[in-house]
Amino acid sequence: MVDTISIPGYSSDNRVPGFYFALDASKANTAKVRRRVLLIGQMLESGAGTPDVAVQCGGVTSAQGLYGTGSQIALMVEAYRKIDRTGELWVLPLSESGVVSKAKGSIQFSGTASQNGKISLYIGDQLIEYFVTKGDNATTIAKNLADRVNAFANVPVQADSSEGKVNLTAKNGGQCGNAIALNLNLLGEIAGQALPLGITATLTKMQGGVGTPSSLSNCLAGLGSRQFDLFIHPFTDLQSLSIFTDFLNDQSGRWQLTDQLYGHTITALSGTYGEVTALGDRLNDQHMTIMSTSDSPTHPMIWAAQVGAQVAVSMRNNPAIPITGLVLSVMPPSDQGFFNFQQRNSLLYDGISTFIVNDNNQVMIERLITTYKRNSYGNEDNSYLNIETMLTASMAIQDMRQFLSDQFPRCVLLRDGSKITAGQQATTAELIGKTCIARYRTQAEYLWVQDTDGFASELKAENAGNGTVKLLMPYRFSDQLFIIAGNCQFTKG
């Protein structure tokens, strides 16, 4: 007689008396896909950690010890953890291979202080103060200030001096060092920041950093099948961005049907309105988000880490909730560098994400979008405009795949209408379709999706033969509220 109930591990040939109960958890699995974030950045050559290998992050102090205090990756870990303190964080510390030169800048002092005072130097958003004594000349000031800079290990530069000049060199090589902002007395006299009388200073911005890590492509390939939701990095050159595009694309990357690993990249770019627009116009990738930072003193890699942290926290809560109005602990741009309404609206058509500054002088995410603008025919396409759409899609698909795999392990596939009694390891395309509808209703309760009746009526489940069931799942992802517009019509009484 053929068994009508399948019991794992039990043979119908058994004649030994007893009670035999198998524990089957296939209907009880409520575990969710692990949400991971990967920070990518360069380490210092003096770091004790292994380069070019992704590992789970042990914390800020661990990153500083392994990869070098003041390194890109250590600074990004610190910035990220200021917002997301509990999420699973991994790091990919890149070696300096492929980097041609380090960025350099300087401050040339001249004169002799005619009164006591202080030098307020900003390296990025890090304030370094040196108190000047009346009678100190340029050479003394430069030497003492250089020593003061080097006493701050957690900055991305190291300093030396000669003949009244402070020479600053990026700790990490490559073009990312060119974005390290140098400022004197950034907050002005109202904050008590001014050069002592008798002293003048000429500042030369960081420049001359050339190259990006040549190991990036191989390191990404070396991640294997480990899944990450976000890839946060500091690179904005077209070569590096194209590597991420290839890595994640729908045809041969992590979003392809046979991999289903998904993921989204986040970076940030400093520059004028024209400079960020020029980059945005050249990109068209639904798996990439770039935040503009204008002339904010805070390095773009810190912006990227903090934006990514806010995305990670919001995604774990609900990927469909708009990622807007969230505060970043970065310094705002100058009044001259702030992008006005028309410029921000234009950037959002160019694939560049935007921020605003509130009345408390805090930087807030205004809107995060992808760089996708055109379909394969070159026509305007807003299908993948919002980052929330991509985040929700990846989570909903992962959830559906896991649920179906739990419900239909090792099943016999029968024609629709076949009689299947309880306990038999068999199914039909019709039953799979109904199970898919049931899970969609659950996702609608999560607010990831909407219109369950429309999904149910339009879903198709087809037994295509050879053990294959094909599903047409008409997903309707939830929208985000970004704009309320109204006409305030009034009358006079």
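I started with Tyr-10, which comes out partly exposed at a relative accessible area of 37%. My cut-offs: buried is under 20% relative accessible area, exposed is over 50%, and partly exposed lies in between, with a 1.4 Å probe and protein chains only as cover. This is a predicted model, so I kept local features to pLDDT of at least 70 and side-chain atom pairs to pLDDT 80 or more, while totals for chains, interfaces and linings use all residues. Numbering runs from 1 along each chain as its sequence is written, and side-chain values use heavy atoms, with hydrogens and water left out.

Tyr-10 sits in the segment before strand E1 (36-42). I take helices (H or I, at least four residues) and strands (E, at least two) as DSSP runs, numbered from the N terminus. Together with Ile-7, Val-16 and Tyr-20, Tyr-10 makes a nonpolar surface patch of about 360 Å². For patches I used residues with over 30% relative accessible area and no salt bridge, joining like charges within 9 Å and nonpolar side chains (Val, Leu, Ile, Met, Phe, Trp, Tyr) within 5 Å. The areas are Shrake-Rupley values with a 1.4 Å probe, and for residues only the protein chains shown count as cover.

**Whole chain**

I noted eleven helices and 20 strands in the protein. The C-alpha trace spans about 105 × 80 × 40 Å along its principal axes. Of the 493 residues, 48% are buried.

**The six-stranded sheet**

In what order do the strands of the open sheet run? I read E2-E3-E1-E11-E12-E13, with mixed pairing. The edge strands are E2 (55-56) and E13, each pairing on one side only. I call two strands paired if DSSP finds at least two bridges between them.

E1 and E3 run parallel, with seven bridges between them. Gln-42 has Leu-94 as its bridge partner in E3.

Next I checked E12 (residues 264-270), where six of the seven residues are buried. E11 (residues 230-232) is joined to E12 in parallel by three bridges, and Leu-230 stands opposite His-264 in E12. From E11 the chain passes through helix H5 (residues 238-248) to E12, a right-handed β-α-β crossover. Right-handed here means that, with the strands pointing away from me, the path from the first strand over the helix to the second runs clockwise.

E12 also pairs in parallel with E13 (residues 288-294), over six bridges. Thr-265 has Met-288 as its partner in E13. The chain gets from E12 to E13 through helix H6 (residues 273-281), and this β-α-β crossover is right-handed too.

**Helix H1**

Which residues of H1 (residues 60-67) are buried? I found Ala-63, Gln-64 and Tyr-67. Viewed down the axis of H1, the buried residues fall within an arc of 100°, so they line one face of the helix. I took that arc from the directions from the helix axis to the C-beta atoms. Thr-61 and Gly-65 are exposed on the other side of H1.

**Salt bridges**

My rule is a side-chain nitrogen of Lys or Arg within 4 Å of a carboxyl oxygen of Asp or Glu. That gives eleven salt bridges.

I looked up Arg-316 with Asp-84, whose closest N and O atoms are 2.9 Å apart. This pair links distant parts of the chain, 232 residues apart: Arg-316 is in helix H7 (residues 300-317), and Asp-84 is in the loop between helix H2 (72-81) and strand E3 (88-94). Buried or exposed for Asp-84? Asp-84 is buried at a relative accessible area of 1%, whereas Arg-316 is partly exposed at 35%.

Then I checked Glu-366 with Arg-344, where the closest N and O atoms are 2.8 Å apart. Glu-366 is in strand E16 (residues 363-367) and Arg-344 in helix H8 (residues 341-349), so the pair ties together parts 22 residues apart in sequence. Glu-366 is partly exposed at 21% relative accessibility, and Arg-344 is buried at 11%.

Arg-439 lies in helix H10 (residues 429-445) and Asp-399 in helix H9 (residues 387-407), 40 residues apart. Both Arg-439 and Asp-399 are buried.
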